[in-house]
Amino acid sequence: MVKVREAHADDHDAWLRLWKGYLGFYGTDLDEAVTQATWRRVLSPDANLFCRLAETEQGVVGFAICVLHEGTWVTQPLCYLEDLFVADAARGKGAGRALIEAIIDEARQKSWSKVYWVTRTGNPARALYDQLAVVDDYVRYRITI
């Protein structure tokens, strides 16, 4: 059984363990100040970021961090699911699906216009994503400043 809930201040250590696993999965490092700023923002009622945690009898096993933002083609907020991660030992047991479905349910309840995300082409989680969403044909460009 997977329970999805809001992150709270006392979840920091569990989230941080998963966050470090997430960064490792993508082969990247972030300055500790960025990590701590992210945590502060997901807890702040004034930020456009929010975090949902997946919890089982083993404790917190996954997280999703989303960004709510305005759009030019809609009047309701858009929800960008920016970060999604499930611990290795918990993969394939429904935590990722539970996180995404909870965000979709929240979007429906709050009348957001869309939930969307991007991922790498070779991400094995695409097997799940393909069951829940439609892949579009957009190509992402970026300029890192």
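Colleague: Which side chains does a polar contact of 2.8 Å join, with Arg52 on one end?

Modeller: The partner is Glu106; the two side chains meet in a polar contact of 2.8 Å. Keep in mind that this is a predicted model.

Colleague: How should I read that pair in terms of charge?

Modeller: Side chains of opposite charge can pair when their charged atoms come close. Here Arg52 and Glu106 form a salt bridge, with the closest N and O atoms 2.8 Å apart. Arg52 sits in strand β2 and Glu106 in helix α3, so the pair ties together parts that are 54 residues apart in sequence.

Colleague: Are Arg52 and Glu106 buried or exposed?

Modeller: Both Arg52 and Glu106 are buried. Buried means under 20% relative accessible area. Arg52 has 11% relative accessibility, so it counts as buried.

Colleague: What does Arg52 touch, once residues up to four places away in sequence are set aside?

Modeller: Its contacts include Val4, Arg5 and Glu6. Gly62, Phe63 and Ala64 are also among them. Leu99, Ile103 and Glu106 complete the list.

Colleague: How many salt bridges does the count come to?

Modeller: The count comes to 7 salt bridges. One of them links Arg5 and Asp11, whose closest N and O atoms are 2.7 Å apart. Arg5 and Asp11 are both buried. A network of salt bridges links Arg5, Asp11 and Glu55.

Colleague: Which residue forms a salt bridge with Asp88?

Modeller: Arg91 does, and the closest N and O atoms are 2.8 Å apart. Asp88 has a relative accessible area of 58%, so it is exposed. Arg91 is partly exposed, at 37% relative accessibility.

Colleague: Now the sheet. In what order do the strands run?

Modeller: The order is β1-β2-β3-β4-β5. These 5 strands form an open sheet with mixed pairing. β1 (3-6) and β5 (114-116) stand at the edges, each with a single partner strand, so one side of each has no neighbour in the sheet. On average, neighbouring strands are turned by 30° against each other, direction ignored.

Colleague: In what sense do β3 and β4 pair?

Modeller: Strand β3 (residues 59-69) pairs with strand β4 (residues 78-86) in the antiparallel sense, over 8 bridges. To find your place on screen, take Ile65: it stands opposite Asp83 in β4.

Colleague: Which strands does helix α3 touch?

Modeller: Helix α3 (residues 95-110) packs on the sheet and touches β1, β2, β3, β4 and β5. Its direction makes about 165° with that of β4. Helix α2 (residues 32-43) lies across β2 (49-56) and β3, and runs at about 90° to β2.

Colleague: How do I read the nonpolar interior?

Modeller: In soluble globular proteins, nonpolar side chains tend to be buried together. In this model the largest nonpolar core has 20 residues. Those with the most contacts inside it are Trp15, Trp19, Cys51, Leu53, Phe63 and Ile65. The elements giving two or more residues to this core are α1 (12-25), α2, β2, β3 and β4. α1 gives the most, with 7 residues.

Colleague: What does Cys51 touch, not counting residues up to four places away in sequence?

Modeller: Cys51 touches Arg5, Glu6, Ala7, Trp15, Val42, Phe63, Ala64 and Ile65.

Colleague: Where does Asn123 lie?

Modeller: Asn123 lies in the loop between β5 and α4 (126-132). Its relative accessibility is 10%, so Asn123 counts as buried. A polar atom of its side chain lies 2.8 Å from the backbone nitrogen of Ala125. Leaving aside neighbours within four places in sequence, Asn123 is in contact with Phe25, Tyr26 and Tyr129.

Colleague: Last one, on backbone angles. What should I look for in phi?

Modeller: Most residues other than glycine have a negative phi. In this model, Ser111 has a phi near 60°, a positive value in a residue other than glycine. Ser111 is found in the loop between α3 and β5. With a relative accessible area of 44%, Ser111 is partly exposed.

Definitions and conventions:
Residues numbered from 1 in each chain as written. Predicted model: local features only at pLDDT ≥ 70, side-chain atom pairs only at ≥ 80, totals over all residues. Heavy atoms only, no water. Pairing = 2+ DSSP bridges. Helix = DSSP H or I, 4+ residues; strand = E, 2+ residues; numbered from the N terminus. Axes fitted to C-alpha atoms, helices over the stretch in contact; angles between N-to-C directions. Contact = heavy atoms within 4.5 Å. Buried < 20%, exposed > 50% of the residue type's maximum accessible area, 1.4 Å probe, protein only. Polar contact = N/O pair within 3.5 Å; in protein donor to acceptor, adjacent residues only side chain to side chain. Salt bridge = Lys/Arg side-chain N within 4 Å of Asp/Glu carboxyl O. Core = buried A, V, L, I, M, F, W, Y, C linked by side-chain atoms within 4.5 Å.
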